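User: I'm new to this one and I'd like to know where the labels come from. Can you walk me through them?

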Amino acid sequence: MYRILLVDDEAIERMALKKIIISWKDAIIEEAENGRMAIVKAAEFRPDIIFMDIKMPGIDGLEATEEIKKLDNAVKVIMVTAFEAFEYARHAVRLGVNDYLLKPSSDQEIIEVLTKVTNQIERERHHRNDQLSLKDNYNRALSIIQSREITSLIVGNDASESVAFEENWIKVYEKPSYVMVVEFGDTVSGEEKQNIADFIKDQLSISRSQSFVGAIHLNQLPILIQPDDRENESIMSQSLKIGKRLIEKIQLKFAHASVKIGIGTSYEEIELFVQSYHEALFALAKTMRPFACTYYNHLLSENNAIDPLFELEKTLLEHIMFGKVEESRISFKKYFDALIITTRGNLELVKEKMNEFFVLLNRQMYEKKIEIMFRPKYSQTKSIYHLQELVLDKIVRTAKMVHNLHFSESEGMISKAKSYIELHYEKSITLEDVAEVVQFSAHYFSKLFKELCGMSFIDYLTEVRVNHAKELMKRQEKSLKEICFEVGYKDPNYFSRVFKRVTGFSPSDYRNKQLMMR
């Protein structure tokens, strides 16, 4: 169903045009009697199509169209004009008007123009959907570097790929590849992180290696890199060179921003890319100083004998870091069982190993302002199983804190959005305006707002405006028209309809009722 705005200073012309449109197809139709009202209505009603009369007193059709196009360039405008204003119509087409009609127009002429314009709208919608589909496919392909458990956290996508889709991306991605993860220092602001991420994309785009940059999450930026097989050096050498070069350039451009880089091993099979990602995270965890680049295999070569607990410890760290409570519980059980076997049940060795683990975990949790300590009571316990209970309880509580921290940050942003609405409800604020304030995309903000508030953004804004209007109506100092403007509406008729839809009363009936109760 299309939203159509009819603009003409003659009511009979609007009525005739409305009748023809309704007979052609169902549509939501609003009317405006002059250019000024058209601009206001267009901002609130967001029409798909506007029938705009050129000759009107005050702001004429051309001026109104120019202003409306500034607000929404996608809106389709059909100029309606008398024969003697034909030159105006030609000028309007050059300004971006989609078509024009000469008065008087037959029903058939009007329907032909409408059909032409709506076909154009449908083509644009299909094109937009295609673009979104392409973007979605890219994000899904990128998710292969994450495990199914953390995909949604890092790239915000579902990890289930269809067989048909796999056939498309397997040729592109099943090449020797490794994962590099860039971690930002805790003093780097959100905006600066994004600036650095964009800078990294630009730098990698001029490299001979193919790269796919993920999304920033939990202070980290994952990157999948396909090394250049034309280079006469090992993949390890190439990856370290890329990592160190990135750090050098970031230091030059972002003098006060601290970063470090972890690099995983290169694998050829797609299902093993997640292993490279885990290795990069572990390399980061072992990197103690900023502006350093650590390669996973170097860690192994430094420890000639590979620690059998290495993988279990790495998995446990990741589950805690991403707030996976049940997974952390299970991972710890496996880790601790293996630790008992490795140490042959030596309590002091187990304590020593747990102390090392807590140092590593504390390093990981630092940016989240969560302090993890190997408490004296852990060292003092005389039972290995009592130690297991104490540490498991701490790990589960830590994972919960990480999970809740992510949720509370979202709640904090929604609270900030509500405060902004409360301070600016009398202005023409939009979803995009508020999303920008809290630094979310409009799509994500809309989804998050509805999820946490139980209503859409526009319903909440309407509720705020209506509640303020109700308070003002309890007093007689201002007219209903003044109240309408004061709470953010530009059209008293539209305000009246919204108010009645929300309260069940017209503004005048509601005010009379309130005054009678005094």
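User: Let's start with R46. Why is R46 called partly exposed?

Analyst: R46 has a relative accessibility of 39%. Buried means under 20% relative accessible area, exposed means over 50%, and partly exposed is in between (1.4 Å probe, protein chains only). So R46 counts as partly exposed at that value. Bear in mind that this is a predicted model, where local features need pLDDT of at least 70 and side-chain atom pairs count only at pLDDT 80 or more, while totals for chains, interfaces and linings use all residues. Residues are numbered from 1 along each chain as its sequence is written, and side-chain values use heavy atoms, with hydrogens and water left out.

User: What about F291: what is its phi, and why is it called partly exposed?

Analyst: Phi of F291 is near 55°, again positive in a residue other than glycine. F291 has a relative accessible area of 26%, so it is partly exposed. You'll find F291 in the loop between helix 10 and strand 10 (293-295).

User: Which annotation covers D53?

Analyst: An unreviewed UniProt entry gives "modified residue: 4-aspartylphosphate" for D53. UniProt positions are in the numbering used here, feature names are shortened, and annotations may be inferred rather than shown by experiment.

User: Where is P104, and what kind of peptide bond leads from K103 to P104?

Analyst: P104 is in the loop between strand 5 (99-102) and helix 5 (107-142). The bond from K103 to P104 is cis, with omega near -10°.

User: What makes helix 8 oblique to helix 9?

Analyst: Helix 8 (residues 190-205) and helix 9 (residues 235-253) pack at about 130°, with axes 11 Å apart. That angle makes helix 8 oblique to helix 9. Angles under 35 degrees count as roughly parallel, over 145 as roughly antiparallel, 65 to 115 as roughly perpendicular and the rest as oblique. The axes are lines fitted to C-alpha atoms, for helices over the stretch in contact, and angles run from 0 to 180 degrees between N-to-C directions.

User: And why is helix 19 called roughly perpendicular to helix 21?

Analyst: Helix 19 (residues 457-473) packs against helix 21 (residues 492-503) at about 95°, with their axes 10 Å apart. So helix 19 is roughly perpendicular to helix 21. Among the residues making the contact are T462 and V466 of helix 19 and F495 and V498 of helix 21.

User: How many disulfides does the rule give?

Analyst: The count is zero disulfides, a disulfide being a pair of cysteine sulfur atoms within 2.5 Å. As for individual cysteines, C293 is buried because its relative accessibility is 17%, and C484 is buried because its value is 0%.

Conventions. Helix = DSSP H or I, 4+ residues; strand = E, 2+ residues; numbered from the N terminus. Contact = heavy atoms within 4.5 Å.
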